[in-house]
Amino acid sequence: MSSVLIVGGGVAGIQAALDLAEQGIEVYLVDKAPSVGGKMAYLDKTFPTLDCASCILAPKMAALLRYPNIKLIMNSEVLEVSGRAGNFRVKILKKPTYVDWSKCNGCGVCTEKCPTKVPNEYNMGLSQRRAIYIMFPQAVPKRAIIDAEHCIRLNPPPKAKEKAKGPLCGVCERNCPTKAIRYDQQPEIIDLNVAAIIIATGMELYDPKNLPELGYGKHQNVYTNLEFERLVSATGPTNGEIVRKSDGKHPRKIAWIQCVGSRDVRFNHYCSAYCCMAATKQAILAKEHLPNVECTVYYMDIRAFGKGFNEFLERAKKEFGVRYIRGKVRIDEIPESKNLKIVYEDTAESYLKTEEYDMVVLSMAVTPNSKLSIPLELAEGGFIKLKNPYLDPVSTTIEGIFVVGAVAGAKDIPDSVTEASAAAARAALIAKRLACPTPEVVK
Amino acid sequence: MTEPRIGVYVCHCGFNIAGTVDVKKVAEYAKTLPNVVVARDYVFMCSEPGQDLIKQDIKEHNLNRVVVASCSPSLHEVTFRTAVAEAGLNKYLMEMANIREHCSWVHHDKEKATEKAKEIVRMAVAKARYLDPLEELEVKAEQSALVLGGGVAGLRAALELANYGLQVYLVEKSPTIGGKAALIGYVDPKTKGAEIVSKMFELIKECPRIHIFTNSELIQLSGFAGNYTAKIRVNPRYVTEKCTLCGECEEVCPIEISNEYNFGLNKRKAIFLPFNNAYPPYYAIDHRVCVKCGECEKVCRFGAINLKQEPKIVELKVGALVIATGYDPYRPFKGEYGYGLHESIITLFQLARMLDPESPTKGELIIGGKIPKSIAFIQCVGSRNTTPGAKEYCSRMCCTTAINNAIKIKEKYPDTNVYIIYKDIMTYGSDESLYEEAGKKLVQFVKFEDKIPRVLITPEGLFIEVFEYTIQENIRIPVDAIVLSIGMLPPRDIEELIAVTRVSCGGEGFVREAHLKLAPVEAPTKGIFLAGCITGPKNILESIRMGSAAAAKAMSLLSKGKITIEPMIAQVNEEKCSGCAICVGVCPYSAISIKNVNGDRVAYVEKALCMGCGTCNAACPSGAMQHLGFKDVQLLAQTRAVFGGEVNV
C-alpha cells in the first residue's frame with residue numbers, strides 16, 4: 001500500500017487526511033503556513049448554527065496528531081510533480097523555520113522575550129506579534145517559527161550590523177528552555193513517492209483595493225469581512241470587542257457590502273457563495289456583542305441556498321432586526337468623524353440615497369489559490385478545472401490528482417468537507433491499488 | 001482500591017473561559033479538594049503543550065485520575081483520553097468538567113461564574129475518585145454495505161464501495177435504478193441527466209460486487225455498526241429476465257395511469273418500462289394498479305411474465321448503511337398559482353422532462369397543445385415561505401434549473417419570450433455564468449419580494465400579476481404557459497425510513513447529519529451514512545460527491561475488519577437483579593434479554609448492541625443495572641459534592 005499527498009491543510013485538507021489515515025493509508029499533509037487550520041481557523045463563528053469555529057475545528061486538528069501515519073509538512077510548498085497515478089514523484093521545499101521542531105514544545109517563552117514587534121497576519125494586521133511567533137494559540141503543530149525578514153539576528157538593520165561586533169540579539173536562543181533555536185537552518189528538499197494527490201489549497205480574499213469606490217485602505221473604518229471576523233473573535237486583537245480603528249469607539253451603525261469583487265463583470269463573474277450567509281452571521285454577532293448597534297446589509301440577491309440558511313436569514317431579519325437593502329454602493333469618508341457615507345441606489349425605489357455609518361464591512365470575493373507547480377488545467381475564474389465531475393467526481397485533468405474545496409470553486413465549509421471525503425474515497429482506491437475503472441467522458 | 005491521586009487541569013480556552021471565570025482561582029481551589037495532588041491552569045489544554053502538561057504530571061506525580069476542566073466532552077474527550085493513555089493511564093480514568101458551555105459561555109458575572117466553575121470541578125473530582133479502568137471491546141466488521149436508493153448519490157456510493165472490495169447491496173424501491181437524474185433532461189447546458197445515469201449503469205454492470213435489488217425496501221435493521229442485519233422485502237416485478245423489451249404486453253394492458261417517470265406528462269400502462277435505458281432492462285408490473293387480468297401473460301411470446309410471483313424477504317449481513325433515498329418534488333396544491341386549473345400551468349420537473357429528446361414531446365416545447373410564444377417561470381414555489389403550504393427553506397437547485405431550461409428554450413425558440421419571476425436568484429458559485437448567459441439571451445427577470453405573484457386565468461388567456469420590486473409597480477404579463485419552479489420535499493416514505501433506521505430529522509423534515517458543518521455525510525448513529533438530497537436540497541453534482549464522501553466514511557469504518565466498541569455501557573449485577581425485565585422493555589436498542597443463571601432469571605446485556613444511553617440504568621428498581629461510565633456510586637458522589645456534602649459516599 002502506498003501513500004497520498006494532500007496539498008493544503010485547511011478544513012478540507014484536514015478532513016481528507018483523517019479519512020485516509022483512518023484506513024491505514026500514509027498521508028503527507030503539506031501547508032505553506034506553519035500550522036494547519038486554513039481560513040476556518042480565522043473564523044469566530046460559523047453559519048447557520050453559530051458554532052464557534054475553532055471549537056469544532058480544533059478537535060479535528062488535534063486528531064491529526066493522533067495518527068502516526070499522518071506526516072505534517074508545514075511551512076512548505078510543492079516544487080515539482082512528475083510520474084503518474086499510482087506513482088507520483090513529488091519534490092517539496094521545506095522552508096526554514098529557524099527552530100528545531102523536534103525540540104520546540106510550543107511553550108511560547110521565546111515569543112514573549114523577542115524584542116521585535118510586527119503586524120500579526122493571524123489578526124489581519126490588527127494586532128502585533130513578535131519576530132519569533134506561534135501562528136495562533138491552538139496551532140497544530142504548536143511550534144515557534146522565526147520570521148526571518150523581521151528578525152534582528154537573521155536580517156540585522158545595516159547600521160546596527162556595522163556597530164555590533166558579533167551577532168545581534170539572540171534573545172530567543174538564550175531563553176529557549178529546550179535549546180531549539182537554529183539560526184543556521186537551511187531550506188530542505190523532501191522527495192516523496194505518492195500514489196495520489198489531493199489539492200486543497202483553498203482561497204484568498206480578493207484585493208479590495210481594486211475597488212477604489214469603496215475606499216478600503218484609505219478610509220480607516222472600512223474592514224474586510226475577514227478582518228471583522230478577527231475583530232469579533234474572542235481570540236482576536238481586541239478580545240472580541242468591536243471597536244473602530246479610528247477612535248477605539250464602539251460603532252453604532254455598521255453596514256455590510258455584498259458582492260465586493262464577485263458577480264461583477266469588471267472583476268470576477270462568479271458568485272463567491274459564502275458571503276451572503278457570512279454577512280448575515282456577522283450582523284447577528286455584532287448584535288450579540290453590541291445590542292444597540294444597527295446592522296444593514298447592501299446586497300444584489302441574498303443567496304440563502306444551503307441547509308438552514310433561509311431560516312437563518314429570516315432569524316436575522318425578525319429576531320435581530322438586521323436590515324437588508326438591495327443596491328450597489330459607493331463609500332465616502334467624512335473627514336471629521338471618520339464616519340462613512342454610503343451612497344447607494346435603492347433599487348426598490350430606483351432612487352439614489354445616502355446614509356451614514358460608523359463602520360463598513362466588505363464581503364470579499366474569493367480567489368482560488370490555484371497557482372501551483374502542477375500543470376493542472378484551470379476553469380473560468382482561475383479555479384482548478386474538474387475533468388468530468390459527473391462520472392469522475394473531484395478529479396482534475398491529471399489522473400490521480402483530485403481537487404477539493406474552494407480552489408475548485410467558491411463554496412462553504414460543509415461542501416468543502418464533503419468534497420474532501422469524496423477525494424479521500426477516490427484516492428484510497430488508487431493508494432490501495434484497487435480496481436478503479438476510469439469512466440469515459442460524457443460529451 | 002489504591003488511594004486516588006488526582007490531577008486537575010483548568011483550561012482558559014483563550015478568553016472563552018478565562019474571560020468570565022477566574023481560572024487561577026479555580027485551579028487553586030481544586031488543590032484543596034481531597035485526593036487532588038496537582039492542579040494547574042493553561043491557556044489551551046487541548047494544544048500539544050497543554051496535553052504534555054498532563055502527561056508529565058501523570059508520570060511525575062504518579063497520578064491515577066485526571067480531571068480536565070474545559071469544554072464539552074463532545075469536543076475534546078477523545079483528545080484528553082488519548083493523552084492520558086499515552087502517559088500509560090487507562091483512558092477511562094479521565095473525567096471532564098464542562099466549565100465553558102455549562103458556565104463561562106452562559107454567564108457574565110465573573111465572581112459567580114468562578115464559584116460555579118469551582119462547583120463543577122468539585123463534582124468532577126468527586127466522581128473521578130470512583131472512576132474504574134475500562135477496556136474497549138472489539139468485534140468483527142462485515143465487509144459489506146447496504147446502499148438505500150439507486151439515484152446518482154446511491155450509485156456513486158455503491159461504485160466506490162464495490163471498487164474498494166466490499167460487497168454492496170443496492171436497494172431501490174422502484175423497478176429501475178437511476179433516480180430523478182435520469183428524468184430531468186438537461187442538468188447543464190451540455191449534459192443530459194439520462195446520459196450520466198446510463199454511463200453509471202455501464203460501470204455498475206461491470207462491478208460483480210454490486211447486487212441490485214429493485215422493487216425493494218428495507219423493512220428491518222438490527223445490529224450495530226459493523227454488524228447490521230438488514231431485512232429487505234423484494235416485491236415481485238412479475239416480469240423475468242426473459243423479457244426482450246418487445247413491448248407487446250404494454251399494448252394489451254387495459255390499465256392506464258399517469259406516468260410518474262414523465263412527471264405526469266403522459267400516461268403509462270400497469271405493465272411498463274420506466275424509461276428507455278432503465279436498468280435492469282426489463283418491463284415491470286405496477287402491483288398497485290394491476291388487476292391481474294392476464295392479458296400480458298397471454299401475449300408475451302417469451303414467457304417472461306409470471307403473475308404468481310410473491311414478495312420475498314432477503315436477510316443481509318452488512319457492516320454499514322448508506323442512506324441515499326433522495327427527495328420528492330414539492331406537490332403544489334390545486335389552485336396554488338393556478339396549478340391544476342389550467343393545462344398550460346406545469347411544473348419545472350415537467351418542463352425539464354419535456355425538453356429531453358426522449359420525452360413524450362420528443363424534446364419539443366408543447367404546453368397545452370401549442371408552442372408558447374411567451375412563457376414565465378415562477379420561482380420559490382413551495383420554498384421560502386411564499387405560499388401557506390410552502391417550506392421555509394430554499395430548495396437550492398430550482399433557480400439554476402429554471403435558468404438552464406430558460407436558456408434551452410431561448411436557444412430552440414428564440415422568438416419565445418421567457419420571464420423568470422423570482423425573489424432572489426440563487427445561482428451560487430460558478431452557476432452565476434448561467435444567470436449571465438440568460439441575461440444575454442434576453443430572458444427577462446422580474447423580481448418580487450413579500451407580495452407573491454398572482455396567476456390570472458381569464459377568457460383572454462393567462463396573466464401573471466406581480467408587484468415588480470425594482471420599479472415598485474404592479475405589472476401584468478400575458479403568457480401562454482406558466483412553469484412553477486417547485487422545490488424539494490423530504491421523500492414521502494421518510495417516516496418509514498426513520499422507523500427502520502432510527503435516523504432523526506431536523507425541523508425542515510430532512511435527515512439530520514451528525515454535524516451540519518463538519519460531518520455532513522454521517523448520521524449521528526455510527527455506521528449510518530448519508531448521501532444526496534435526503535439531508536436537504538442539493539444539485540446533481542453535489543449529490544454525486546456526497547455519494548463518494550459517504551463511501552469514504554464507510555471505508556474508514558470497515559477497513560480494519562473490526563470495530564471498537566466503547567465500554568461505557570450497561571452492566572448487570574446478577575446478584576442484585578430480580579429478573580423483572582423492566583429494562584428489557586425500556587431498552588431502545590433491543591440490547592437486553594433475560595437469561596437463566598443457575599435457575600434465576602437475570603437480565604443480560606448484549607454489549608455490542610448497547611449504546612450506553614442509560615435508560616435501563618434509570619429504570620432498574622433494584623440498582624442492579626449500572627452504567628459503567630455513570631455508576632450510582634459516581635453519580636451520588638457528584639450529587640453530594642454539589643450540595644457541599646461529604647465527598648465520601
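Colleague: How many residues of chain B are in contact with chain A?
Modeller: This is a predicted model. In it, 67 residues of chain B are in contact with 76 residues of chain A.

Colleague: Which element gives the largest share of the side of chain B that touches chain A?
Modeller: That is helix 13 of chain B, with twelve residues. Other elements giving two or more residues include helix 2 (48–60), helix 3 (73–86) and helix 11 (432–440) of chain B.

Colleague: And how do the residues on that side divide into nonpolar, polar and charged?
Modeller: There are 29 nonpolar, 21 polar and 17 charged residues on the side of chain B that touches chain A.

Colleague: What ipTM does the predictor give the complex?
Modeller: The ipTM is 0.95, and the pTM is 0.93. For chain B, the mean pLDDT is 94, and 99% of its residues reach 70 or more.

Colleague: Let us change topic. Which strand pairs with strand 30 of chain B?
Modeller: Strand 5 (residues 137–140) of chain B pairs with strand 30 in the antiparallel sense, over four bridges. Within this pairing, B:Lys562 is the bridge partner of B:Lys140.

Colleague: Which residues of strand 30 are on its covered face?
Modeller: B:Ile563 and B:Ile565 form the covered face, whereas B:Lys562 and B:Thr564 form the uncovered one. In a regular strand, side chains alternate between the two faces of the sheet.

Colleague: Finally, how far apart are the C-alpha centres of domain 1 and domain 2 of chain B?
Modeller: They lie 41 Å apart. The domain assignment places domain 1 at 6–135, and domain 2 at 137–235 + 311–327 + 493–561.

Conventions: Residues numbered from 1 in each chain as written. Chains lettered and ligands numbered in written order. Predicted model: local features only at pLDDT ≥ 70, side-chain atom pairs only at ≥ 80, totals over all residues. Domains from an automatic or database assignment. Contact = placed C-beta atoms within 7 Å. Nonpolar A, V, L, I, M, F, W, Y, C, P; charged D, E, K, R; others polar. pLDDT = per-residue confidence, 0-100. Buried ≥ 20, exposed ≤ 12 C-beta atoms within 10 Å, placed from the backbone. Pairing = 2+ DSSP bridges.
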